Amino acid sequence: MKKLLHIVLGILLLAIPSCEIPFTLDQEGQPRIYLQCIADTQDVHLSPRYASAVGDPAGALQDLQIDLRVNGEPVPVKALEGGDYYGNAVLKEGDRVQVRMQAAGVDAVEGYSVMPAAPVVQDVKLENVQADTIKATRVSLTLDHAPGEAEYYGIQILSFNEVHYLDGTSDGFHTYLTPGYYLTAAESVNMDLEDFMQVNYYGMVLGGRTFAPLTLVTQKQFDGPVYSFYLNSFDATILDRIRGSMPGGSTGVAGGGIVSGEVGGGTGSQPLDPGKMPVGMDTRYYVFLSRLSPECYHYARALYQSNFDFLSNMGLTPANFTWSNVSGGLGFVGAMATVQLPVIEIPKEN
């Protein structure tokens, strides 16, 4: 992955309107089923879509049939709003999840994944640190073992802020955060965006325009069994600036955390009532750590790379197509096992 200097150079290249690399697309093709299937420890979520060939009008899946199996045994599937489906199944490590879909006018699509072991977090340590003008909290998670090269994890951090007013009332708002790895400007000189590979993960779907970044974590980010990150570190400011410098429009379609500014941002109610006097604020962090199947990780990584490849999105380079582990169609079948850590509470100084 390019270093930060190369990222800045890439952003500057966007200002050259005459820069163009010609390439052609093979427009011959057939419509396909695009499938996202993600299994967790409680159920299996399926999100099938009709993928039109280049130049063809959009369509819809007709007479869709779904065959979902866990360890070879069929699992009943129920429909959700918006064209999604789910199957209730209590899954454990080693369970094989297999799905096959067919619809009128398109080839059948099928794929499988194996449920990974859930992370076992033996210890959580918090340390308040300060460097220059930066005040941050260092969080260290100790697993029951040192991850191997083929182990993949993901982390989501949800921040809930409660503002207290002089009249005794309060307001709350929440947003998702990116874990930080560089506390100071000096450390950020060697910033590597591979440390911040992330895609939005919301409603059991990877990608999309809801800002809910799932940051990918590999053996590289661990020190033995310990994974550490900062809340409110210097690199968070850098990432915000990169988001603000990226072009708008459709560049955020792949749902990465490092996306154009219009996609990022918090959710929830407005933090302040302009007619009231704020007297303090408390912050609680909800941290979710997931172990990802290889299929889930590789698909998420490909989404990140496609999303951040904004030169392709602007038509300056050939497109970077996504990764798939299904046959007969597009998409992936993957699995993840998630645990929630104890809530982290940090009172804000007045």
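Tutor: Start with phenylalanine 222, which stands opposite tyrosine 227 in strand E17. Bear in mind that this is a predicted model, where local features need pLDDT of at least 70 and side-chain atom pairs count only at pLDDT 80 or more, while totals for chains, interfaces and linings use all residues. Residues are numbered from 1 along each chain as its sequence is written, and side-chain values use heavy atoms, with hydrogens and water left out.

Strand E16 covers residues 222-223, and E17 runs over residues 226-231. (Strands, E, are DSSP runs of at least two residues, helices, H or I, of at least four, and both are numbered from the N terminus.) E16 and E17 pair in the antiparallel sense over two bridges; two strands pair if DSSP finds at least two bridges between them. They belong to an open, antiparallel sheet of four strands in the order E9-E10-E17-E16. At its edges sit E9 (121-131) and E16, each pairing on one side only.

Along with Ile155, Leu206 and Phe229, Tyr227 has the most contacts inside the largest nonpolar core, a set of 39 residues. Such a core is made of buried Ala, Val, Leu, Ile, Met, Phe, Trp, Tyr and Cys residues joined through side-chain atoms within 4.5 Å, where buried means under 20% relative accessible area, exposed over 50%, and partly exposed in between (1.4 Å probe, protein chains only). E17 gives this core two or more residues, and so do E10 (134-143), E11, E13 (198-202), E15 (213-217), E19 (278-292), helix H3 (294-308) and E20 (330-340). H3 makes the largest share, with six residues.

Leaving aside neighbours within four places in sequence, leucine 206 is in contact (heavy atoms within 4.5 Å) with Gln36, Ile38, Val199, Asn200, Tyr201, Leu214, Cys296, Tyr299, Ala300, Leu303 and Phe332. Apart from this core lies another one, of 22 residues, with Cys37, Val109, Val326 and Val333 among them.

Next up is E11 (residues 152-165), which holds leucine 158. Leucine 158 counts as buried because its relative accessibility is 17%. Beyond the neighbours within four places in sequence, leucine 158 is in contact with His174, Thr175, Tyr176, Arg284, Tyr285 and Tyr286. Threonine 178 is 20 residues from leucine 158 along the chain, and their C-alpha atoms are separated by 9.3 Å.

Arginine 284 then leads us to the charged side chains. The side chains of arginine 284 and glutamate 162 meet in a salt bridge at 3.7 Å, N to O; the rule is a side-chain nitrogen of Lys or Arg within 4 Å of a carboxyl oxygen of Asp or Glu. Arginine 284 is in E19 and glutamate 162 in E11, so the pair ties together parts 122 residues apart in sequence. At 22% relative accessibility, arginine 284 counts as partly exposed, and glutamate 162 is partly exposed at 22% as well.

Another pair is glutamate 151 with arginine 291, whose side chains meet in a salt bridge at 3.9 Å, N to O. Glutamate 151 lies in the loop between E10 and E11 and arginine 291 in E19, so this pair ties together parts 140 residues apart in sequence. Both glutamate 151 and arginine 291 are buried. Aspartate 67 also forms a salt bridge, with arginine 69, the closest N and O atoms being 3.1 Å apart. Aspartate 67 is partly exposed at 31%, and arginine 69 is partly exposed at 31% too. The whole structure has seven salt bridges.

Zooming out, the chain has four helices and 21 strands, and 44% of its 350 residues count as buried. Of the contacts in the chain with a separation of 6 or more, 70% come from residues 24 or more positions apart.
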